[in-house]
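Please consult the sequence and structure shown here.

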Amino acid sequence: MNQLVIEPLLVPLVTAILTLVVRRYSTVQRGVSVLGGAAYVAVVALLWTDVDPLGAARTIPYQLGNWPAPFGITLVADPLSVFMLGLAAIVSFAALVFSVQYVDEFGQRLSYHPLYHFMLVGVSGAFLTGDIFNLFVWFEVMLMSSYVLVVFYSGPQHTRAALQYVVLNLIGSAVMLLAIGGIYSTTGTLNMADLAHRLANPAANSITPLPVLGLSALLFTVFALKSGLAPFQFWVPPAYSAAPAPVSAMLAGVVKKVGIYAIIRLYFTVFSWLSIPDGLGLPGLSGTSALGFFGPVMFAIMATASILLGGLGAVGRDDIDGLLAYSSIGQVGFIVLPLAIGATAGSEEIQILAVTAALIYSLNHALAKGLLFLASGSVFSSVGSTRFADLGGLTRKEPVLSAVFFVGALSLIGIPPLSGFFGKFLVFRTAGDAGASVALAIALLGAILTIAYFSRAWNRGFWGAVSPMVENGAKPTGVVVLAGLAALVLLVGIGFDPVLRAAEAAAGAAIHRQEYIQAVLGGGAA
């Protein structure tokens with residue numbers, strides 16, 4: 001077995017434990033934490049090389065304890081999982097280095113670094129797991145750490161936000177466990193490859209399709225909650241505003257993408273095999289594919305609502321953090337919109353284009369939104385506020401900080417040659433190629449709203465006369481990290497071809513599920 005598959009789990013786990021052991025020695029603890037973050041980037045890069053998404057595009061299973069699937073615990077590294085791990089490695093390392101300067105010494109010594117790395121353990125486990133129950137387990141590992149990180153500053157605002165975040169996600173976890181139990185009782189398995197294999201021939205496996213469809217819809221609502229999709233978005237603004245800036249960068253850039261990954265993996269690789277022989281008989285729903293049901297009913301409505309609610313909410317915010325939080329709701333709608341089109345389309349070509357668009361948009365959102373949340377933290381460290389009423393004239397006082405914010409905003413707007421241009425272009429192309437004129441109009445409206453709220457933020461916070469608070473501000477934190485991340489946003493756009501090919505390989509791994517099933521279960525599953 002390829003031991004590299006488990007390394008993205010072991011490295012942050014060992015780092016978390018070591019940072020607990022050396023917590024009395026703050027300098028040593030920070031050094032161990034950053035070295036652990038660098039080691040995580042290295043093992044993800046090595047795993048990427050083994051999977052080789054730009055060449056052989058291998059699917060590598062790992063059976064814990066040598067127990068064969070579907071009986072043992074399975075981890076799977078394929079082009080889709082390493083694409084998401086790569087995204088997590090880049091953003092988590094940048095946010096970690098920023099944290100060393102941004103978070104005060106008491107907070108770092110107390111709990112910050114162990115919690116940060118435990119959160120990364122959960123993220124990695126969710127991207128690598130090959131069964132639904134362990135997806136639940138890794139979700140919980142990730143969320144338990146994030147609960148404490150949201151309430152990290154322990155003020156009334158942070159406690160309220162964390163309480164809302166905890167209660168809603170605990171309800172989501174209970175619903176997820178209920179749906180998983182139901183799926184096991186109706187199909188007899190939780191291994192993703194085995195589940196897909198059984199759903200391809202339900203009669204032979206004594207599976208009744210309609211209960212599975214209902215349970216998978218229940219499971220989808222949990223992923224929508226974790227992703228912050230409307231109408232489950234209301235925990236996002238208070239949680240993102242309360243958490244330390246590097247934690248908000250991780251929540252928006254990485255943790256949210258775990259829900260997106262789960263939607264792609266489960267609904268395009270697993271539940272897409274499910275067929276309802278007589279159809280659902282609902283208005284506007286034709287065909288027998290379960291994926292066709294999720295397209296218009298779940299994906300499209302939620303994506304549209306998220307784009308509009310997030311965009312309109314961001315336009316009305318009076319501070320940078322609030323604007324970025326509502327922007328995240330709108331941008332996740334942009335990620336799910338092509339998935340809705342792909343789920344509805346009968347063509348495999350459109351499905352691969354749709355998943356590719358979602359992955360490229362996810363990558364850009366992780367980089368650009370992570371950059372913007374860190375830039376917001378840097379503004380706060382300098383000025384002591386992120387309210388537009390207290391800002392103004394940052395371009396004159398802090399030109400480098402203003403420039404990196406400008407790069408992040410332009411990337412989310414979709415200006416070439418930044419990485420965001422290609423994400424937005426692929427969303428429009430998916431809608432255009434599929435003939436989805438309503439989706440095209442929604443995407444266009446969302447793009448206009450994005451221009452509106454970032455223009456307002458730039459004019460009120462960075463342009464104009466220097467405000468007294470900006471004039472008397474301190475030196476901002478982490479500008480070198482921000483400049484590096486901004487350069488990466490530009491480089492991904494300039495050298496876009498290998499990124500696109502990696503995303504296409506990841507989309508192919510999600511759509512060509514027979515290869516996934518055979519790699520996990522062996523040739524007997526064919």
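The model is predicted. The salt bridges in it number six, and three of them are set out here, among them D78–R265, D194–R198 and R387–D318.

**D78 and R265**
- A salt bridge joins the side chains of D78 and R265, with an N to O distance of 2.8 Å.
- This pair connects distant parts of the chain, 187 residues apart: D78 sits in the loop between strand 2 (74-77) and helix 3 (79-102), and R265 belongs to helix 10 (residues 245-270).
- D78 is buried because its relative accessibility is 0%, under the 20% limit.
- R265 is likewise buried, at a relative accessible area of 1%.

**D194 and R198**
- In the salt bridge between D194 and R198, the closest N and O atoms are 3.1 Å apart.
- Both residues belong to helix 7 (residues 192-199), where four residues, about one turn of the helix, separate them.
- D194 counts as buried at 7% relative accessibility, whereas R198 is partly exposed at 22%.

**R387 and D318**
- The side chains of R387 and D318 form a salt bridge at 3.5 Å, N to O.
- Here too the pair links distant parts of the chain, 69 residues apart: R387 lies in the loop between helix 13 (348-383) and helix 14 (394-397), and D318 in the loop between helix 11 (290-315) and helix 12 (320-344).
- R387 is partly exposed, with a relative accessible area of 42%, and D318 is partly exposed at 37% relative accessibility.

Conventions. Residues numbered from 1 in each chain as written. Predicted model: local features only at pLDDT ≥ 70, side-chain atom pairs only at ≥ 80, totals over all residues. Heavy atoms only, no water. Salt bridge = Lys/Arg side-chain N within 4 Å of Asp/Glu carboxyl O. Helix = DSSP H or I, 4+ residues; strand = E, 2+ residues; numbered from the N terminus. Buried < 20%, exposed > 50% of the residue type's maximum accessible area, 1.4 Å probe, protein only.
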